[in-house]
Amino acid sequence: MRSLLIYGALVLFLMAGGGGADAAELGPRAKMQEISISLDPERHLVTGQSNILFGHGDERVSLSLAATAQIDSVRAAGKEIPFNFGGGKLVLDLPEGDSVNVTVSYRVEFNDPVSRNPAANEDPSYGVSAAITAEGTFLGGGSHWYPVPAQVPLNRKISITAPAGIEGVTNGARVHRETSGKLTRSVWEESRPVGVPSVSAGPYLIEERQVAGVTLYSYLYRSNANLAPRYLAAAAKYLSFYQELFGPYPFEKFAIVENFFQTGYGFPSFTLLGGAVIKLPFIADTSLPHEIAHSWWGNGIDVDLSQGNWCEGLVTYLADYLLKERRSPAEALEYRKQLLIDYASLVSAENDFPLTSFVSRNDPASRAIGYGKGAMLFHMVRSEIGDDAFFNALRVLARDRMYASASWRDIVAAFSHSAGRDLHRWLDPWLSRPGGPRLSLAQVEMKRQGDGWLVTGTVLQPSPPFEVRLPLRLETESGAIEKVVPVPDQNATRFAVFTSARPKRIHLDPAASIFRIISPAEIPATVNSLKGSTSLLGVITQDCQVQPEIFKAMLASLSQGDARVMVESALDQDQAASHDVVFCGKPQRLSLPSIPPEVETAFESAIAVADGDTLLFVVLKRPSTERGVVALFQPETVESAKKYASKITHYGKYGFVIFSAGAIQSKGTGNATVEGGVVDLSD
Ligand SMILES: [Zn+2]
């Protein structure tokens, strides 16, 4: 669940972002747009009317509206006017006049089915762009549920009407709300509209409170309404935290809204979280601050995608990472290490791309790049220019770019300006090149010099090299010496460290403070190792308790739907050794690396308690002379496989998982990390 949902997908709508095209192509900018919609859940129907006020007429206007819409009329200055509607584009010529009001009346049916198995493709939208149902309504901006002008209007007002008790939410301040007769209606107004709004509606119970001039709302279904105080308190806390860090919150309100399917969306001024997501105890301190930080980065300031999407890396750094850092340096270090492990185990030459090509995550590799590598890059910038310059640059960006867009270039310029030196030359390769440096230590020697020791060595990196400021730590008998070695973009760089105390060990980047591709020796075997494998074999042994289809579905949930699956008897040891392997059941002829005793013990005690209802999945490193990983998929019965196999993928960073009695019983890293980048000098 975590890997899928925690990094709430910020949905970027490019239509109205105002990024690339110039104003003339976009047509006139509306002064005001008023949208009134009426929802009919039984018929999956929205009936709408939109008034758009243009400052002058005599121009051609193109509006985007769902291709399946039926247009009842288009009126301007009180008269019906001709229009052209096809392929989702409504084109009309404005009559002459100083100020022209256009009214479009239309209806559209939206009933996208909710995908019941989104884990397999990690689709954060669950396949739904818009649906109006008895369970709930979601109208994503990308569905064009109203006539969307090419440029965001200067003001926008949205009125949502639904059967009594069905409350709607969208962007802006709630300026009116009433239930009269058989209808519930609310009106929302944006003084500084951004993007293309989404709408959610359902039988919500509403709570609200004020914090520092911002109205907070919770719109939750009855079954989760008891969680409102907890979410409102968390939202208040993180809003205050981020206002102090970035400057004023850019919207009128912030609402926590429940969705009838399991999204983790962040929209301007509200977050839309699935009911099962909201129930998870950690969401209020993980997804929620992530979505609140998007209010500045990605929602308030739109992403100019011409150089890639920077906002996920930045928000991952400022929420998921920074909150851990505030709690403890140890948690922060673990998090940075995990980003490096994820990248090294999920990204291969085949699926790598530079940050400037990242748009949104669609698989584990794109997440490791856009979110993980992006976050590490911001960490490197902060380490390089210091906290004051780093956070000052963010405040200046927030002040100057709010309600507009920004690109990577703008961000690098802001950091350069704040640091008082040009960072482009240093940062450009990290943005425009795929991959990163693969660093190792070689020829490390120590010799007596005067009354101390001189430790010398070489930092090696294969081509193509990167320019890095590499932290080294020399441990001695009287403490550690930290040194930063400037490594130019070349294959070998000499370094020397003098110490008066006897040296013990030297570490390369001990605090995981730079982005680099760590060596296989530094990566523990985890479920993610299988997701990133390019040579995976599924092997069915005689001990396998399930049909091949169940085994294949489990592989597909690990993004390995195309992996070859064979029976053990058709395979020899050499073939097996040249691939990563997942065994269904314990192999008879082929060898399995030894399972750590604590994993065996945990599995046996799970079986003792819930016989027939257990599943073990363990990923093991091959002996150090060989490369790759071997995994064992061991459901006790068909029933336990059906119940638990699809959950394995959510435990990507773990080396083993044991399910029984309806839940995860035990998880861990299994065989421990071999520490890489360390040279022992104690002999
Ligand atoms: Zn995000």
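By class, how many nonpolar, polar and charged residues does the lining of the second largest pocket have? The lining has 19 nonpolar, 14 polar and nine charged residues, where Ala, Val, Leu, Ile, Met, Phe, Trp, Tyr, Cys and Pro count as nonpolar, Asp, Glu, Lys and Arg as charged, and the others, Gly among them, as polar.

The model is a predicted one, in which local features need pLDDT of at least 70 and side-chain atom pairs count only at pLDDT 80 or more, while totals for chains, interfaces and linings use all residues. Residues are numbered from 1 along each chain as its sequence is written, and side-chain values use heavy atoms, with hydrogens and water left out.

The second largest pocket has a volume of about 1,200 Å³. A pocket is an open set of points on a 1 Å grid over the protein atoms alone, where a 1.4 Å probe fits, with protein on both sides within 12 Å along at least five of seven lines; lining residues have an atom within 4 Å of a point. Grid points are joined across faces, edges and corners, and the volume is the space filled by probe spheres set on the points. Of the 42 lining residues, Ala344, Arg438, Pro520, Ile523 and Arg627 lie nearest the centre of this pocket. Helix H7 (residues 329-346) gives the most to the lining, with three residues. Helices (H or I, at least four residues) and strands (E, at least two) are DSSP runs, numbered from the N terminus.

A zinc ion has His290 (NE2), His294 (NE2) and Glu312 (OE) as its protein donors, at 2.0 to 2.1 Å. Donors are N, O and S atoms within 2.8 Å of the metal (3.2 Å for Na, K and Ca); water is not among the atoms, so sites may look incomplete. The spacing of the donor residues in sequence is H-x3-H-x17-E. Both His290 and His294 belong to helix H5 (residues 287-294), where they are four residues apart, about one turn of the helix.

Elsewhere, five strands form an open sheet in the order E17-E18-E19-E21-E20, with mixed pairing; two strands pair if DSSP finds at least two bridges between them. Its edge strands, E17 (205-211) and E20 (264-267), each pair on one side only. Four bridges join E20 to the antiparallel strand E21 (residues 270-274), and Gly266 has Thr271 in E21 as its bridge partner.

Strand E26 (residues 468-476) is joined by nine bridges to the antiparallel strand E27 (residues 479-487). The two form a hairpin with two residues between them, and Leu470 stands opposite Val485 in E27.
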